[in-house]
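Subject: Structure for your files

Hello,

I am passing on the structure we talked about, together with notes on what turned up in it. Please look it over when you have time.

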Amino acid sequence: MNHTVQTFFTPAGTDRPPNYEMLKEEHEVATLGAPHNPAAPTSTVIHIRSETSVPDHVVWSLFNTLFMNSCCLGFIAFAYSVKSRDRKMVGDLTGAQAYASTAKCLNIRALILGIVMTILLIIIPILILQAYQ
């Protein structure tokens with residue numbers, strides 16, 4: 001609501017305050033505004049789709065499936081990523097987020113396990129060769 005401050009000055013020659021009835025009418029008009037249409041008000045509902053992007057981690061899962069598929073974690077992560085993408089296409093953002101979260105955890109585990117195994121496969125033969133020399 002828009003509130004305005006109105007200052008009333010009494011004429012210099014009179015000692016009377018402004019007319020109360022006049023102030024009351026002006027306040028009611030300012031508060032109520034213009035007369036409303038007696039017809040029933042109509043309302044419009046606008047549905048705005050939120051463009052919340054749910055990452056499905058398909059590319060990361062595919063990388064882990066092809067290159068670091070230790071214990072088949074990359075393949076399982078790929079399956080969950082595809083399920084997440086399917087849920088997103090249907091419009092189920094909650095289900096898509098749940099599958100994407102599982103795929104992300106599996107991708108992290110597959111990546112860490114793959115890196116550790118790669119490092120061990122490089123270090124162990126070096127240590128064995130040094131032991132025989």
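Aspartate 56 counts as buried, because its relative accessibility is 8% and the cut-off for buried is under 20%. Bear in mind that this is a predicted model.

Buried as it is, aspartate 56 forms a salt bridge with arginine 85, with 2.8 Å between the closest N and O atoms. This pair links distant parts of the chain: aspartate 56 sits in the loop between α1 (20-32) and α2, arginine 85 sits in helix α3, and 29 residues separate them. Arginine 85 has a relative accessibility of 38% and therefore counts as partly exposed.

Aspartate 56 also meets lysine 88 in a salt bridge between their side chains, at 3.8 Å from N to O. Since aspartate 56 is in the loop between α1 and α2 while lysine 88 is in helix α3, this pair ties together parts that are 32 residues apart in sequence. Lysine 88, at 29% relative accessibility, is partly exposed.

How many salt bridges does a search of the whole structure find? The search finds three. Besides the two pairs formed by aspartate 56, there is one in which the side chains of arginine 87 and aspartate 92 meet, at 3.5 Å from N to O.

Now the overall picture. The protein has four helices and zero strands, and read along the sequence the pattern is α-α-α-α. Of its 133 residues, 17% count as buried. The accessible surface comes to about 11,200 Å², and carbon and sulfur atoms hold 65% of that. Among contacts with a separation of 6 or more, 59% are between residues 24 or more positions apart.

Helix α4 runs over residues 93-132, which is 40 residues. At 1.5 Å a residue, α4 should span 58 Å, and its end C-alpha atoms are 58 Å apart, so the two values agree. Which residues of α4 are buried? They are Gly95, Ala96, Ala100, Ala103, Leu106, Asn107, Ala110 and Gly114. These buried residues pack against α2 (58-67) and α3 (73-90). As background, an α-helix has 3.6 residues a turn, so residues three or four places apart point the same way.

Last, the record. The unreviewed UniProt entry carries the annotation "transmembrane region" for residues 58-80 and 110-132. In the model, residues 110-132 are 100% helix and 0% strand, with end C-alpha atoms 33 Å apart. Over residues 58-80 the chain is 78% helix and 0% strand, and there the end C-alpha atoms are 9 Å apart. The annotated span 58-80 takes in α2 (58-67) and runs into α3 (73-90), whereas the annotated span 110-132 falls within α4 (residues 93-132).

Regards

Conventions: Residues numbered from 1 in each chain as written. Predicted model: local features only at pLDDT ≥ 70, side-chain atom pairs only at ≥ 80, totals over all residues. Heavy atoms only, no water. Helix = DSSP H or I, 4+ residues; strand = E, 2+ residues; numbered from the N terminus. Buried < 20%, exposed > 50% of the residue type's maximum accessible area, 1.4 Å probe, protein only. Contact = heavy atoms within 4.5 Å. Areas by Shrake-Rupley, 256 points an atom, 1.4 Å probe, with all protein chains shown as cover. UniProt positions renumbered as here; feature names shortened; annotations may be inferred. Expected span 1.5 Å × (residues − 1). Salt bridge = Lys/Arg side-chain N within 4 Å of Asp/Glu carboxyl O.
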